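Colleague: Please take me through the strand pairing here. I would like one close, connected look.

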Amino acid sequence: MSQQGPLLVVSSAGQPSFVRALDEARMFPVIETPLPAAARAVKQMQPSAVLADMHGVDRAPFAALAKLIAARTPYVPLIAIDPTAPLPDNAIPFTSHAAKFDRLPARLNAALRVRALHMTVLRRLSEEPATRLPDSDPAREATVLLIGRGGSYPALSVALGERLGVVGAFSIEAAANHLNTRDIDGIVLGEGFTARVADAFLTVLSEDARFRKLPIILTSDALAPSYELPNLEIIIGEPAEIAANALPLIRQHAFEARLGRTLRAIDAEGLLDPHTGLLVKASFDRDFVTAVQQTLANGGGLSVARFAFDAANTRAQLDGARIISRLMRQTDFGAVQTDGSVIVAFIDADLRNAHGIARRLSAVMRHTASGKRGARSEPTVTVATLQPQDSPKSLLARLYHPAQRAAS
């Protein structure tokens, strides 16, 4: 793909061997620099990406370089080749196997696509100032799918859960269900599966465009990384080390997902919330009044559900809102309220149907661990349906009455 600047290669021992892979992939220009001069090169050359050979690199100067690159706009990918220690938060690991770098161009191209998307969003935002790009750390909104059933599973779950939202799966079948029902920013494949099962799973992922660019972390080297998965990485070590080195890849995917939501919000002329994909509250209020009036005038059904989360668990609120945005029917609409709850209007749904839809949405939320303390992710659900004497205000008021609560 086209680049918006040169590729900067940082090395302390002459030309690294991975440069040949870039040449063969016709990715150029490539400019080489030693680590002491890398900061000045970044400022002067404005590279589209930085690749660092980590052999013999001092951690403190590299951390300073990573911090400089992280502050630049638009996004500049930093790829650390063959790291031997935990990396800075924005340094994406790439581990060569048998000194092979044939996967490196695909990894780099995937990162450059995120940079190109960021540039597009920044350009569109200058034309639509009403929408803003969130400035919080994307990793705080990321969700990783942890698959495994071996002895390392609990420790991996804790290590990942300290940094990200975690969805656990003890089987490949359960993992596939999670991939189909919610937004996932990365997969960590732990112990407990035969090579044949793991190979089949990775093959399916590589053949499905929805999942092909997901970060996939293997915690053993039993499988050769020969799949068409640009962000597949083998990280072997203690759970904390695996989580730390997986984080940059997962953060990049979460950032890409954020950019996609922001573009959709711009296309909707500010009617969508870029954090969740749901309507902004003002737009929901207008549409809800119209829906109530049309239902009362023309007949049919209209029901509403309120999903109330633990007020102290803002991560659960965000996860729940995104699950609702992804899984609700195309005819329905919802928005996050000022108290953090989510209200969804179900068009042409009676009370029984609304209860069923709300239960299904709530069941998906139940499987997400949000935060270090395992705070409750499943919401309290309240459902109400429109009556002939109702107004928009009275219908919404019944959502706060405990008698209307749905069994979840």
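Modeller: Two strands pair if DSSP finds at least two bridges between them. This is a predicted model. Start with strand 6 (residues 143-147) and strand 7. They run parallel, and 5 bridges join them. Leu146 has Gly168 of strand 7 as its bridge partner. Helix 5 (residues 153-161) belongs here too: together with strand 6 and strand 7 it makes a right-handed β-α-β unit. Now look at how strand 7 (residues 165-169) sits. Buried means under 20% relative accessible area. By that cut-off, 4 of the 5 residues of strand 7 are buried, so the rest of the structure largely encloses it.

An open sheet is built from 4 strands, in the order 12-13-11-15, with antiparallel pairing. Its edges are strand 12 (333-336) and strand 15 (380-385). Each has a single partner strand, so one side of each lacks a neighbour in the sheet. On average, neighbouring strands of this sheet are turned by 15° against each other, direction ignored.

Within the sheet, strand 11 (residues 302-308) and strand 13 (residues 342-347) are antiparallel and joined by 6 bridges.

Then the helices. Helix 9 (residues 281-298) lies across strand 11, strand 12 and strand 13. Helix 9 runs at about 145° to strand 12. Helix 11 (residues 351-365) also packs on the sheet, where it touches strand 11, strand 13 and strand 15. The direction of helix 11 makes about 160° with that of strand 15.

Methods. Residues are numbered from 1 along each chain as its sequence is written. This is a predicted model: local features need pLDDT of at least 70, side-chain atom pairs count only at pLDDT 80 or more; totals for chains, interfaces and linings use all residues. Side-chain values use heavy atoms; hydrogens and water are left out. Helices (H or I, at least four residues) and strands (E, at least two) are DSSP runs, numbered from the N terminus. Axes are lines fitted to C-alpha atoms, for helices over the stretch in contact, and angles run from 0 to 180 degrees between N-to-C directions. Contact means heavy atoms within 4.5 Å. Buried means under 20% relative accessible area, exposed over 50%, partly exposed in between (1.4 Å probe, protein chains only). A crossover is right-handed if, with the strands pointing away from the viewer, the path from the first strand over the helix to the second runs clockwise.
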